[in-house]
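I opened this entry to record what I looked up, strand by strand and then around the ligand.

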Amino acid sequence: MKTTTVPSTSAPVAHNAMPPPPAASTARSSRVAPHSHIKGLGLTPEGLALPDGAGFVGQTNAREACGVVVELVKSRKFSGRALLLVGAPGTGKTALALAVSHELGVKVPFCPMVGSEVYSTEVKKTEVLAEAFRRAIGLRIKETKEVYEGEVTELTPAEAENPLSGYGKTVSHVIVGLKTVKGTKQLRLDPTIYEAMLKEKIVVGDVIYIEANTGAVKRVGRSDAYASSYDLESETYVPLPKGDVHKRKELVQDVTLGDLDAANARPQGGQDIMSVMGNLIKSGRTEVTEKLRKEVNKVVKGYVDQGVAEVVPGVVFIDEVHMLDIECFTYLNALLESPMAPTVILATNRGNAIVRGTTDVVSPHGVPVDLLDRCLIVKTDTYNREQIAKVVQLRANVEGLKLGPGVLERLAEEGERGSMRYAIQLLTPASILSGLAGRNQIEVDDIGEMNELFLDAKASARNIGSDGGFDGGRM
Ligand SMILES: Nc1ncnc2c1ncn2[C@@H]1O[C@H](COP(=O)(O)OP(=O)(O)O)[C@@H](O)[C@H]1O
Ligand SMILES: [Mg+2]
């Protein structure tokens, strides 16, 4: 069997270099996790809301209204406008925004932020907004690249004595076997590629590809052949690749303009540990200048003109929009008018409020009227017990929790007194309590015990004395 060597990744970062996955993206995805049961708006082809569809229960008016917005966006008639969701906490505003982004297509960027995020000591308020908008514009890049692709049949790191320490061993190279329908090939790879494989958690039986000239490793999924032995829901199974292991392949990569800005703003010093540490200490946050954005735009435009890349406008979601101030609102007006604006969704639970940054301008939702005039306003309603029970059951399924008799009814009751979010939120701690009791199913007793251990918002408020302090003033 022939062994091939693939070079390592240490070329300097070029202007068009693909950024590493940004650290921020993990934080953002965790903010979306409570909505993992939401797959879309759940509308019929005629745009009517199913009582229960795509993970969405009830809220039919708001869902149908959002469906209209999706149609407007798709037919490019929504530019310069925004969708404003108003309603009490826990009525599904964030869930609706996420569903709209799902309806716009697969891999459409969704960039959630909270109004108060703009108040940072390091970055200008308007910069924070501009950055969010850039993160909501995707770029789908298609490139034909030379790759090694196949199912991993072997993954053996070869160790050598560490020449520096005398103790311990380092990986000198790694032998990887790749299998396709046509044949098998054994590759001898650089240790940096082995690290990349460890990071992607690649094991025997995964289908992967390695880019020949950069050494970048990508896990495609798990090979079909293993489908019966593992029954993980989160796993994607893929067929054994056809053709040769070493071939040219069209790769699709999704990045956002924000990623490109950040990758190019980062000081491109050496790759060694000291310069990486230096960068961490020197700059809390890297500055993305307007000039850099223009540069990136120029490169992107070049790609689009050549037909290599395609712009995918996404969704920027600004929660608690009443936290923005007048300065941000005027800037938001300007951003809405830019030709490459993403779909903008705003949310708030405020009624009439003073616009932040002014002393006397009172406006609905704390949003100035000139912005309100650009908005389609959709109201979310509160839920009844039956609807809360359905959503709690959905969440229990997603989180893999079993509910004993009566638990659903009990949680729905709690949700009706508190909110939908409160009912859902009780699930996880209750499952811990049932686990401690040695059960694998949540019982009504667990919910009872929860109520002894913790207070809900209203009970907590009752504990506070009329002077605003806790009873007895023993704080
Ligand atoms: N109609 C609904 N169907 C299914 N899940 C819902 C619905 N409304 C809210 N949820 C879920 O309830 C929780 C709270 O809703 P969320 O969208 O965060 O409320 P808001 O943003 O209005 O405060 C989330 O986990 C959300 O996915
Ligand atoms: Mg929300």
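I call a residue buried if its relative accessible area is under 20%, exposed if over 50% and partly exposed in between (1.4 Å probe, protein chains only). Helices (H or I, at least four residues) and strands (E, at least two) are DSSP runs, numbered from the N terminus. I noted that this is a predicted model, in which local features need pLDDT of at least 70 and side-chain atom pairs count only at pLDDT 80 or more, while totals for chains, interfaces and linings use all residues. Residues are numbered from 1 along each chain as its sequence is written, chains are lettered from A and ligands numbered from 1 in the order in which they are written, and side-chain values use heavy atoms, with hydrogens and water left out.

**Strands E4 and E15**

I began with E4, where 5 of its 5 residues are buried. Ala-82, Leu-84 and Val-86 point one way from E4, Leu-83 and Leu-85 point the other way, and all are buried. I then checked strand E15 (residues 343–348), of which 6 of 6 residues are buried; Thr-343, Ile-345 and Ala-347 point to one side, and Val-344, Leu-346 and Thr-348 to the other.

For pairing, I required that DSSP find at least two bridges between two strands. Strand E4 (residues 82–86) runs parallel to E15 and is joined to it by 5 bridges, with Ala-82 standing opposite Val-344. E4 also pairs with strand E18 (residues 375–379) in the parallel sense over 5 bridges, and there Ala-82 stands opposite Cys-375. Strand E14 (residues 315–319) pairs with E15, again in the parallel sense, over 4 bridges, and Ile-318 has Leu-346 as its bridge partner in E15. From E14 the chain crosses through helix H9 (residues 326–337) to E15, and this β-α-β crossover is right-handed, meaning that, with the strands pointing away from the viewer, the path from the first strand over the helix to the second runs clockwise.

**Ligand 1**

Which residues come nearest to ligand 1? Of the 20 around it, I listed His-35, Val-57, Gly-90, Thr-94 and Tyr-383 as the nearest, a residue being near if one of its heavy atoms lies within 4 Å. The shell divides into 11 nonpolar, 7 polar and 2 charged residues. Strand E3 (56–57), helix H3 (93–103) and helix H13 (420–436) each supply at least two residues of this shell.

For polar contacts I took pairs of N or O atoms within 3.5 Å; within protein, one must be able to donate a hydrogen and the other to accept it, and residues adjacent in sequence count only if both atoms are side-chain atoms. An oxygen atom of ligand 1 lies 2.8 Å from a polar backbone atom of Lys-93, and a backbone N or O atom of Gly-92 lies 3.2 Å from an oxygen atom of the ligand. In the side chain of Arg-421, an N or O atom is 2.8 Å from an oxygen atom of ligand 1. The protein covers 96% of the 550 Å² of accessible area that ligand 1 has on its own, by the Shrake-Rupley method with a 1.4 Å probe.

**Single residues**

Arg-222 lies in strand E10 (residues 217–223) and is buried at a relative accessible area of 5%, and its side chain reaches the backbone oxygen of Val-204 at 3.4 Å. Ala-54 is not a glycine, yet has a positive phi of about 55°; Ala-54 is partly exposed, at 32% relative accessibility.

Definitions and conventions
Ala, Val, Leu, Ile, Met, Phe, Trp, Tyr, Cys and Pro count as nonpolar, Asp, Glu, Lys and Arg as charged, and the others, Gly among them, as polar.
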